[in-house]
Amino acid sequence: MTKYLFEANYVGDGIKGLMREGGTKRRDAVVEALKSVGGSLDSFYYAFGDTDVLGVFDIPDQANAAALSLMINSTGAVNLHLKPLMTPEDIDEAAKKTPSYRAPGQ
């Protein structure tokens, strides 16, 4: 499973729905959405400022993560952004690799 950092902002009717339903019911809706793609919730927090809600969840693969993101964003009630997270061990493995690359203009 891959862990993802999610950051979301409620917009329009999404804000009204949050105010009407409350935070725990919206968290429960996220848990159910994650279950529908074989995922699970690690953490969920509300904030204020640039981001309304953020946390970490596990999803088995990128296709399911993209499907969930597309579905949530298609509602127009939430703007969701996902970032795949890597462990220090993942970085260790990446540092051992030697891909080839030519910089622009070289």
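This is a predicted model: local features need pLDDT of at least 70, side-chain atom pairs count only at pLDDT 80 or more; totals for chains, interfaces and linings use all residues.
Helices (H or I, at least four residues) and strands (E, at least two) are DSSP runs, numbered from the N terminus.

I noted that residues are numbered from 1 along each chain as its sequence is written. Local features need pLDDT of at least 70, side-chain atom pairs count only at pLDDT 80 or more, totals for chains, interfaces and linings use all residues, and side-chain values use heavy atoms, with hydrogens and water left out.

I then listed the contacts (heavy atoms within 4.5 Å) of V53, not counting residues up to four places away in sequence, and these are F6, E7, A8, Y10, F44, Y45 and Y46.

I next checked T51, which sits in the loop between β2 (40-46) and β3 and counts as buried because its relative accessibility is 17%; buried means under 20% relative accessible area, exposed over 50%, partly exposed in between (1.4 Å probe, protein chains only). With residues up to four places away in sequence not counted, T51 touches E7, A8 and N9.

Last, I turned to V11 in the loop between β1 and α1 (13-21), which is partly exposed at 26% relative accessible area. Leaving aside neighbours within four places in sequence, V11 is in contact with G76, A77, V78 and N79.
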